[in-house]
Amino acid sequence: MTQHAERVQITEAGAYRYRIPRHGAMRVPGVVFASPELLPQAAGDQALDQVVNVAALPGVVGASYAMPDVHWGYGFPIGGVAATDVAAGGVVSPGGVGFDISCGVRLLAADCDRAEIAPRIGALLDALGRRTPRGAGRGAVWHIGRRDLDRVLREGARHAVERGHGVQRDLERCEDGGVLTEADPAAGRVGDRARERGLGQLGSLGSGNHFLEVQEVETVHDEATARAMGLVAGQVCVMIHCGSRGLGHQICTDQVRTMGRAMRRYGIEVPDRQLACVPADSPEGRDYLAAMAAAANYARANRQLLTESSRAAFAETVGHGLDLVYDISHNLAKIETHRVDGETRRLCVHRKGATRALPPGHPELPPDLAEAGQPVLIPGTMGTASYLLTGVPDGDAWHSTCHGAGRVESRHQAAREVNGGRLRAELEARGIAVRGTTARGLAEEAPGAYKDIDAVVTAAEGAGLCRRVARLVPLGVVKG
Amino acid sequence: MATGGEHPGGRGGHRGVPHTADLRVSAWGPTREECLTQAVRGVVESFADPSSGARAPRRRHTEIHADDDPELLVALMDDVVYRLDTAGEVPVDVDLDPIPGGLRVAYRMADADDLEPVGAAPKAVTLHDLALGRGPAGWTCSVTLDV
C-alpha cells in the first residue's frame, strides 16, 4: 500500500489498475487506471482526494473511477467517471460534467495524403486561421438571432445541417445523431446570460487547450476498423477540439448555484461546493439534465460550424473535401442502462474528461459502425500525437476511457519554464506550422505541461478500457 | 508565483497561485473594495495586458448584489467574464463603492481586441476554495476561474 498526497491510500489491483479501499464516507471504492508514472504526482494535486469525494455521492454504484489522464479539477477530478442509480435516489452533479458541457472532439478526413497538400500547407493554415474565430470574447462562423439559437439548443447539429451548414452524413457520424432530444432550454433552465453568451460564439474555438489541427494518419493499428471508420494510413485529417463556449459555462455556473440551494432539501451534504448535486429524478435534477442537453446540442452545432469553415478553407486552398469520421464528447452525463450486481439498472453516468467507448455490436452505434465499434477520439498535446481508439467488449467503467493527455503543470508553471517563441520555432522546424495565440499562450500548452499521450493510451488499453485503431500526428495547428 | 503585486499608488496587491485545472488568484487590501479591485486586476492581467490598450477606455456602471462577501466576489468575477464574452470588453481598471447588500461598480473598459493577449481567457468562476474575508492585516480573497 502506498501513500498519496499524504492521505489517500492506494493499492495495486492488477494491470494498470489501482484501488482506493472504501473508508470514511465512501459508498464505493475508488479505481484508478494508471501506470505508476501516470498517478497524479504534482505537489498539491488533489485529484485522488476528489476520487474519494465522488465515491461518497448518494446513489453511486460500482466505483469512483479515474482514467489514466486524471488530474485535479473542480469537485470531480478531470478524468473522472461515476454512475449513480437513478431509481435509488442517485444524484446528478454538474461538477461531474464540468463547465464546458459536451466539450469534445471531431475528426474529419480529407480525400488526400500529405504530399498532395504539402506545397500549399502554409496557405491552408493561413485560411484555417483566418476562418476560425478563436480567443476571448465574441466571434462566430454563424451569426444567429434568438430564434435560431433556440432551435440550436433544441436540435443541435441537426438544425445547423438543415440550415445548410453541413450534409446528412455529418449527423450520421455524430454521437447521438448530432442532437440530444431531451434538451429543453425553457426559461429557468437556460437563463438570459447563457443565451446572450451563446448568441455571439456559434462556430468558434475559444482559448486554452482548444485547437484545430491538420493531421496525418501516421500509424494504423487495425486496418479493417480504421477503414470502416473512414481512415487509411497517410491520410490527411482535421481534428477540432472545443465545446459549448460561454453558453455551457454559464449553464453550469447557474445550475451549480441552483443545486447548492436545493440540495439541503434532499438532505445532501458535500465536502466541496463544486460537487453540488440533487437526485437525478427530481425537478432540479431533470432541469439540469435538460439544460445540459441543450448545451451539448450547442457544442455539436459549434463543431459543425467549424467543420463548415474548415471545408471552405480546404476548398479554397488545396481543393479537397472533408468527410466526418466522428464527433464525440468527453464532458457529459447520460442516462444509460447497465448491469449492476446482476440486475439491469438505469444509471446517470457522469464522464468528466472521459470518453464513452462503445464496443462493436452495441445497439447505439450507427449501422456502418456496428462491426467497428465507436470511434473514440483522443486529442494529444500540441505538437505530439492524437489517437483514434474504439471500445472493447466488457469495457470497464461503464464503457469509458481517457480523453486526452491530462495536465500535470499549472499554466503559470508551464509559462515560466517554457519560452513560447522558442517552442514555436521548434515546432516549425519539425514541419508543424502554428497559427494564432501568443508566446505565453503557446507556452501554457507546451507538451511538457501534460502527461505523455502514448503512455496514457497504453495504460487505457492495458487496463481493458479500449483498443488502438490509429495514431495521428500534427502537420499544422490553429490554437485557440 | 506573483503575477501582479503592489499596484502603484495602491495599498493592496494580487498574485496568481498554481492550480493544474486553471487560474487561481489571491488578492489583498485594507478594505473589501480594494481587495476586490486587486482581484479584478489579477484576473485581467492573467489574460490581457491592461497597459497595452491604445484607445480611451469607456465607462460602464453597474451594481452587484450578493448574500455574503464570498458570493459578492463570485458575482463580480461573473460580471467580468460575462462582459468579456458578450461585449468583448475588458476592465483595465475598476472603482468599487459599497452599497447595502453589494457594490456599485464603475469599470474602465477597453476592447479585448485592442489589448495584448498574454494568456487563456477566463470562462467561469468556480466555488473551489472560494474566500473573501477580513483578517488582522486587512482583507484577503482567493478565487479560481476556469479558463
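**View 1. Where chain B meets chain A.** The contact draws 29 residues from chain B and 37 residues from chain A; two residues count as touching if their C-beta atoms, placed from the backbone, lie within 7 Å. On the chain B side, α2 (69-87) and β8 (124-125) each put in at least two residues, and α2(B) has the largest share, with five. Helices (H or I, at least four residues) and strands (E, at least two) are DSSP runs, numbered from the N terminus. This is a predicted model: local features need pLDDT of at least 70, side-chain atom pairs count only at pLDDT 80 or more, and totals for chains, interfaces and linings use all residues. Residues are numbered from 1 along each chain as its sequence is written, with chains lettered from A and ligands numbered from 1 in the order in which they are written.

**View 2. The core of chain A.** The largest nonpolar core holds 206 residues, and F33(A) and M292(A) have the most contacts inside it. Such a core is a set of buried Ala, Val, Leu, Ile, Met, Phe, Trp, Tyr and Cys residues joined through C-beta atoms within 7 Å; buried means 20 or more other C-beta atoms within 10 Å of a residue's own. Helix α9 (residues 283-317) of chain A gives the most, with 15 residues. Of the 480 residues in chain A, 65% are buried.

**View 3. Around F33(A).** Leaving aside neighbours within four places in sequence, F33(A) is in contact with several residues, including Y16(A), R17(A), M67(A), P68(A) and L465(A). Also on its contact list are A66(A), A459(A), A460(A) and A463(A).

Key:
Buried ≥ 20, exposed ≤ 12 C-beta atoms within 10 Å, placed from the backbone.
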